[in-house]
Amino acid sequence: MKRRDVLLAALGLAIAWQITAMIVNRPILPTPFEVFIVFFEELGNGLLIHFGVSLWRVTAGMLLSVLIAAPAGLAIGATKTANRFLSPVIYLLYPIPKVVFVPVVLLFLGIGDTAKITLIFLILFFQIVVLVRDQALGIPPQLLQSLQSLGAGRRALFRFVYLPASLPAILTALRQSIGTAVAVLYISELFATKYGLGYYIYYNGSTLFDYPAMYAGVAAMSLLGLGMYFGVDWLEQKWCKWKFAI
Amino acid sequence: MIEINSLTFAHPHAAPLFENFSLTIFRGETWAILGPSGCGKTTLLYLLAGLRQPTLGEIKIDDEPLSRPRPTSGLILQDYGLLPWATVHENVALGLRVRNFYGADGKHTPENYLPRENVSHWQERLGLAEVAEKFPAQLSGGQRQRTAIARTLVLEPDLLLMDEPFSSLDALTREDLQNLTIGLCAEKNLTLVIVTHSIEEAATLGRKILLLGDAPNRQAKIFENPNAGKSKYKTSQEYHEMCGTLLKEMQHETA
């Protein structure tokens, strides 16, 4: 994705927004220009802190899920018995919308960041486990055998085949789950916190009725997601050079 | 020396491919294993590589029973043998990196192994220096197989096992790599066992040709082809007669 294309897309969206705002002509939908001004005013006025807190929560949730789900997915994909017993468990749990656990997680983990990070973790965990497992299952047996013939045992197979083979899957899983992660972040920040973009948006929109500030929060959330997409793309170009070689 | 003693092998829930099958291969010989699909030729190669275990009987290499891949056997497959995410250089060095990973434990790595990473000799010898930083997907089929061969030779093997290594290459590249293989085996006194479904390839490379037929294989059917690999052999009457004999035998086997 090129930066110029993203800017053009943003410009196109702003134009559509401007036209809609002019047609609606109500305070609940301010013009993009108005929001743009408020966005920069609000940055110094606490929005930056909310952004930082949200960024921390979502990044921590993602890191935690990669660190736990990627090895789990690898182990399940590389071991027949594990696959046989654990895959059905995953299929039973995966389709449950994890948002329903918000009250449960809050009850057990309290109102701090741990609960919010855990919620993001719960959602990403399954997506990453399944993708990494499929990647490990899809490794051609010939590739494994040729490594074994070079003397590789189980540990070397993990180091030289399974791990590098799963990297693209981890990044794909991350990219696919950024949208969901940000949505869950919003929901988790509606409860028992005074920081985070979710809180900021809800507070400005539903308590203060400060619509331009609310949209500034929405824009910040969109930037948060965009930044994460760019981050994953960057990692992919750094770690998966072979995918871009022509 | 490779001794296959009274080998019986069957895949799980399948009829045996080999039954009480015996064969001896001496150091420095070049063998081609020829046969139709499903006759068990690849399985035999995997058994020799230590990647499969006999159901009954045993395989010994240099008097050692084979229970896992030997550090000094090199296996080269038709495809998929290279890591797609590693450059040519990294692929050539892969065997050494695996050895460095384990250290000289005598199990994965020979006991007298000294850690090293330099592969430039074989990389240059096989004409890969210029593509060293490329990925397998960027190479031609011939370059890919050269990479696989270099990776094996870096480990200084005494036995080369090849599973249809040249069958997806064009005729010129195939001949080029066949000559290279013959030359390297002579130079390093390597034992070569190559599996092929091509009669011409068997007659070109194998001084001894093992013909397998419909499973189960019991008796080793061996053809002596002592001049294989010598220059101009492929244009000789002897070569054409050998191809004719093999074709007739194969038709007879599967009839």
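Modeller: Start at Val132(A): leaving aside residues up to four places away in sequence, Val132(A) touches Ala69(A), Ala70(A), Gly73(A), Leu74(A), Gly77(A), Ser166(A), Ala169(A), Ile170(A) and Ala173(A). Contact here is C-beta atoms, placed from the backbone, within 7 Å. Bear in mind that the model is predicted, so local features need pLDDT of at least 70 and side-chain atom pairs count only at pLDDT 80 or more, while totals for chains, interfaces and linings use all residues. Numbering runs from 1 along each chain as its sequence is written, with chains lettered from A and ligands numbered from 1 in the order in which they are written.

Val132(A) belongs to the largest nonpolar core, which has 108 residues; Ile120(A), Ile128(A), Val132(A) and Ile33(B) have the most contacts inside it. Such a core is a set of buried Ala, Val, Leu, Ile, Met, Phe, Trp, Tyr and Cys residues joined through C-beta atoms within 7 Å, where buried means 20 or more other C-beta atoms within 10 Å of a residue's own. Helix 5 (residues 113–137) of chain A supplies the largest share of this core, 15 residues; helices are DSSP runs (H or I, at least four residues). From chain B, the core also draws at least three residues from each of domain 1 (1–72 + 161–255) and domain 2 (77–156), with bounds from an automatic or database domain assignment. Apart from this core lies another, of 15 residues, among them Val35(A), Tyr199(A), Ile201(A) and Ala213(A).

As for those two domains of chain B, their C-alpha centres lie 24 Å apart. Their contact takes 13 residues from domain 1 and ten residues from domain 2.

Methods
A residue is buried if 20 or more other C-beta atoms lie within 10 Å of its own, exposed if 12 or fewer, and partly exposed in between; C-beta atoms are placed from the backbone. Helices (H or I, at least four residues) and strands (E, at least two) are DSSP runs, numbered from the N terminus. Two residues are in contact if their C-beta atoms, placed from the backbone, lie within 7 Å.
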